[in-house]
Amino acid sequence: MQYLVDTANLEAIRHCCKYYPITGVTTNPTIIAKENRDFRELICGIREIIGLKRALHVQTTAETAEDILAEATMLKSLVGGQFFIKIPITAEGLRAAAMCKENDIGVTMTAIFTQQQALIASVAGADYVAPYVNRLDNIVSDGVNVVSEIVDIFNIYKLPTKVLAASFKTVEQVHKCAMVGTHSITINPDLFESLIFHPLTNTAINSFSNDWEKVYGEQNVPELLK
Ligand code: G3P
């Protein structure tokens, strides 16, 4: 399982890199616009924080295959390292995916809502497909089922494309996607806090600490072993 963080907020990315085993950052135009700052500075700032080994997935704003390739080429040469251009699934997007792959640029096909969109994106050469779980749930569809069937269909045809499940609001959605074998998820920074939270964990930690203090007071292990 790969965990990625879905934000362009530099402070949040710094926090997530420090505390969680994240393998990358995903953005989209909404996420970028939310930061409301110089685009080049923002993208380079993200790369500086995450380093070259973590993946940076940046979404194109272009619509034709030629323009998408041009954007992807500029972005890749700007940020370097592990880079994936996020391309919404359209006919031009599929053509762009193949062109980007020919030019050795990683591709994440995004805004995926159906199994067949994912399958054709994979056949076109996408490295990742990003199905939107919560947005599917919001229209009384079943986001987890879509993820599950995409995982299955990739296995049936032995396709190397990975599922990068996106658009999460709850821990339950994350858990269910993990149980159906999604390869990766991208979540907002707050959801990381929820993923690791349990009140009984806090109770256990407090009780360990109280029991220790009853015998050893304020002394910690290094002090006791001096
Ligand atoms: O980046 C795409 C996806 O994560 C969107 O999430 O929360 O806007 O549905 P959301």
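This is a predicted model: local features need pLDDT of at least 70, side-chain atom pairs count only at pLDDT 80 or more; totals for chains, interfaces and linings use all residues.
Residues are numbered from 1 along each chain as its sequence is written, and side-chain values use heavy atoms, without hydrogens or water. Local features need pLDDT of at least 70 and side-chain atom pairs pLDDT 80 or more, whereas totals for chains, interfaces and linings use all residues.

Polar contacts are pairs of N or O atoms within 3.5 Å; a polar side-chain atom of Asn 28 lies 2.9 Å from a ligand oxygen atom, a side-chain N or O atom of Lys 86 is 3.3 Å from a ligand oxygen atom, and for Ser 167 the corresponding distance is 2.8 Å.

Helix α11, a DSSP run (H or I, at least four residues), comprises residues 199-216 and reaches 26 Å from its first C-alpha to its last, close to the 26 Å expected, that is, 1.5 Å times one less than its number of residues. The helix is followed by Gly 217, whose phi is positive, near 60°.

Note on methods:
Helices (H or I, at least four residues) and strands (E, at least two) are DSSP runs, numbered from the N terminus. A polar contact is a pair of N or O atoms within 3.5 Å; within protein, one must be able to donate a hydrogen and the other to accept it, and residues adjacent in sequence count only if both atoms are side-chain atoms.
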